[in-house]
Amino acid sequence: MEIQLVNIGFGNMVSADRIVAIVSPESAPIKRVIQEARDEGSLIDATCGRRTRSVILTDSHHVILSAVQPETVAHRLASRAGQAVDEEVQSLERG
C-alpha cells in the first residue's frame with residue numbers, strides 16, 4: 001500500500017488517507033477546535049507565519065493549519081485520488 005501525500009503549502013505534506021475534513025477558519029466553532037487542539041498539544045501550524053486560510057482535521061484528532069485556501073487543498077486531494085485510481089486501473093489492465 002502506497003502512502004498518498006497532499007501538499008498543504010510551503011513544502012508541507014499530509015497523508016491523504018488521514019484527512020477527515022478541510023474547513024475555513026472563520027467560524028466560531030472552528031476557532032474553538034483550534035484553541036482546544038492548541039491546549040491539548042495536537043495543533044500543527046504549517047502556515048510558516050502566514051495567515052491561516054484552511055484548517056485540516058485528521059482521523060488522529062490532529063488539527064493542521066495551512067496558509068492555502070480550502071478549495072486548493074481539496075483540489076490537490078482530488079487530483080491525487082484521481083491519479084491513484086488511474087494508476088490502479090492501468091495496473092489491472094496490464095494484468
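Helices (H or I, at least four residues) and strands (E, at least two) are DSSP runs, numbered from the N terminus. With that in hand, let's start at Thr-52, which sits in the loop that links strand S4 (43–45) to strand S5 (54–58). The model is predicted, so local features need pLDDT of at least 70 and side-chain atom pairs count only at pLDDT 80 or more, while totals for chains, interfaces and linings use all residues. Residues are numbered from 1 along each chain as its sequence is written, and side-chain values use heavy atoms, leaving out hydrogens and water.

Setting aside residues up to four places away in sequence, Thr-52 touches Pro-25, Thr-47, Leu-65 and Ser-66, where contact means heavy atoms within 4.5 Å.

Now look inside. A nonpolar core is a set of buried Ala, Val, Leu, Ile, Met, Phe, Trp, Tyr and Cys residues joined through side-chain atoms within 4.5 Å. The largest one here has ten residues, including Val-6, Ile-8, Val-68 and Val-73. Apart from this core lies another, of six residues, among them Ile-30, Ala-37, Val-63 and Leu-65.

Finally, find Ile-3, in the segment before strand S1 (5–9). Ile-3 is exposed, with a relative accessible area of 59%.

Terms used: Buried < 20%, exposed > 50% of the residue type's maximum accessible area, 1.4 Å probe, protein only.
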